[in-house]
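Q: I would like to learn how to read a ligand site and the residues around a domain boundary. Where do we begin?

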Amino acid sequence: MKLAIYGANGYQGKLIVTEATRSAEVILVGRDAARLREAAATIGLPEADVRPAAADDHDALVAAFREADAVINCAGPFTPTGAAVVRAAIAAGRHYVDTAGEQSYLKEIFDTFGAAAEAVGVTVVPAANDACVPADLVAGLLAERLGPLEEISSIHVITGGGGPSRGSLRSVIESMDLIKAGGLGYDGGAWRVGIPARHTSIILPGGSEAVPVAKFPLCEVVTIPRHVQVRHVEGLAEAALSARLSVPLDPAIIAGLPEGPTEEDRRTQRFTYVIDAVATDGRHGRGVVQGPDTYGTTAVIAVESARRLAANPAKPGVLAPGQAYDPAGFLDSLLPHGVHWTIEVGGDFGVASLDVRR
Ligand SMILES: NC(=O)c1ccc[n+]([C@@H]2O[C@H](COP(=O)([O-])OP(=O)(O)OC[C@H]3O[C@@H](n4cnc5c(N)ncnc54)[C@H](OP(=O)(O)O)[C@@H]3O)[C@@H](O)[C@H]2O)c1
């Protein structure tokens, strides 16, 4: 199997190339040949297949992607250039995943490319990152057990890790207006900003004190309603993180930062994603996904996603993870990488402690 990785010389890109080489051949694609070659040498692949292609050079992108079985795009920020890369993957007839965390970009890809992807038999799964894939898959498993749902709240809490990469901070700038507005929520069949949060705190698994949470533009808010029958979906993050990322960032300061957290920093990081569901009959369910190192886990998830699409094609179109992959099988494939998941239905596991405002 051969995977084309766009943005391969970036911080996330190098982690993805390294992960991909465990099970596939790689083509490193990006806008600058010298930076791609330098990245290949850093990773220990001095002879790697390197294909320069700017995001607006459609023909060069298509030619590079045609050589592969699937495309992984990690060239963020995605809002300015991601759609051009999706268009090229579809034109090349190759399945596509990306590591985007920009909620409005994700919505645009779903709104724009479904018919074009279907017409040529290509599957596009955006936001194949550490958070959206497990949260979306767990939401689908909760819905299988609970039936039609009144609400899902997805809550992200991340500790340690040395802070975001430069690329993540640039994506935050692209999403600043949406972050300040609390992001898109889903209610009554449509996505929009300004939907009031139903929850303002959560007791985390194993915790005893309520942690304040605030609305945040999470990608699974866009993907979950595409395959789960649910009336209301909201994305929440620890209030302190949400407040920190709402402060405008100076691009010149970002340019002077290290490209991303060190390996040592990444080893200190833990993420907890809680997916709370309430069925229309009032029963509760909770899914929890916990693991280390969001960038390392994103590399594993993006490569696993692309490999699955190439080896066992899903139906064509733009799909949520829960429409493209066997949920339990995919989640279990993350266990050797330290990512654990649980689902409980029918208890009160902290849901009673949620501050519900209807
Ligand atoms: N959970 C999540 O939401 C999650 C998790 C992980 C990663 N991500 C996302 O993944 C993305 C990558 O992060 P990173 O840390 O790897 O960033 P990075 O180190 O800045 O790398 C970005 C890559 O994209 C390329 N690129 C940027 N703008 C481009 C343009 N206009 N045309 C062509 N190529 C362009 C860069 O090429 P040059 O070197 O030539 O500039 C570089 O190869 C970010 O958007 C981040 O938010 C999201």
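A: With helices. Helices are DSSP runs of H or I, at least four residues in length, numbered from the N terminus. T294 lies in one of these, helix α13. Keep in mind that this is a predicted model.

Q: Is T294 buried or exposed?

A: Buried means under 20% relative accessible area. T294 has 8%, so T294 is buried.

Q: Which residues is T294 in contact with, leaving aside neighbours within four places in sequence?

A: Contact means heavy atoms within 4.5 Å. On that basis T294 is in contact with D130, I158, Q269, F271 and Y273.

Q: Take I158 from that list. Where is the place of I158?

A: I158 belongs to strand β7, residues 149–159. Its relative accessible area is 33%, so I158 counts as partly exposed. Beyond residues up to four places away in sequence, I158 touches E238, Q269, R270, F271, Y273 and T294. I158 and A239 are 81 residues apart along the chain, and their C-alpha atoms are separated by 12 Å.

Q: How does the domain assignment divide the protein chain?

A: A domain may be written as more than one segment. Here the assignment gives domain 1 as 2–129 + 299–323 and domain 2 as 132–294 + 338–353. Their C-alpha centres lie 24 Å apart. Across the boundary, 23 residues of domain 1 are in contact with 26 residues of domain 2.

Q: Why does the ligand lie between the domains?

A: Look at who supplies the shell. Domain 1 and domain 2 both give residues to the shell around the ligand, so the ligand lies between them.

Q: Which helices each supply at least two residues of that shell?

A: They are α1 (11–20), α4 (78–92), α7 (166–174) and α13 (294–311). The most comes from α7, with four residues.

Q: Which residues come nearest to the ligand, and how is the shell made up by class?

A: There are 26 residues around the ligand, and N9, Q12, R31, S165 and S171 come nearest. By class, the shell has seven nonpolar, 14 polar and five charged residues.

Q: How do I read the polar contacts?

A: Look for N or O pairs within 3.5 Å. A ligand oxygen atom is 3.4 Å from a polar backbone atom of G7. For N9, an N or O atom of the side chain is 2.7 Å from an oxygen atom of the ligand. For S165, the corresponding side-chain distance to a ligand oxygen atom is 2.6 Å.

Q: How much of the ligand's accessible area does the protein cover?

A: The ligand on its own has 940 Å² of accessible area, and the protein covers 84% of it.

How values were computed: Residues numbered from 1 in each chain as written. Predicted model: local features only at pLDDT ≥ 70, side-chain atom pairs only at ≥ 80, totals over all residues. Heavy atoms only, no water. Near = heavy atom within 4 Å. Polar contact = N/O pair within 3.5 Å; in protein donor to acceptor, adjacent residues only side chain to side chain. Areas by Shrake-Rupley, 256 points an atom, 1.4 Å probe, with all protein chains shown as cover. Nonpolar A, V, L, I, M, F, W, Y, C, P; charged D, E, K, R; others polar. Domains from an automatic or database assignment. Buried < 20%, exposed > 50% of the residue type's maximum accessible area, 1.4 Å probe, protein only.
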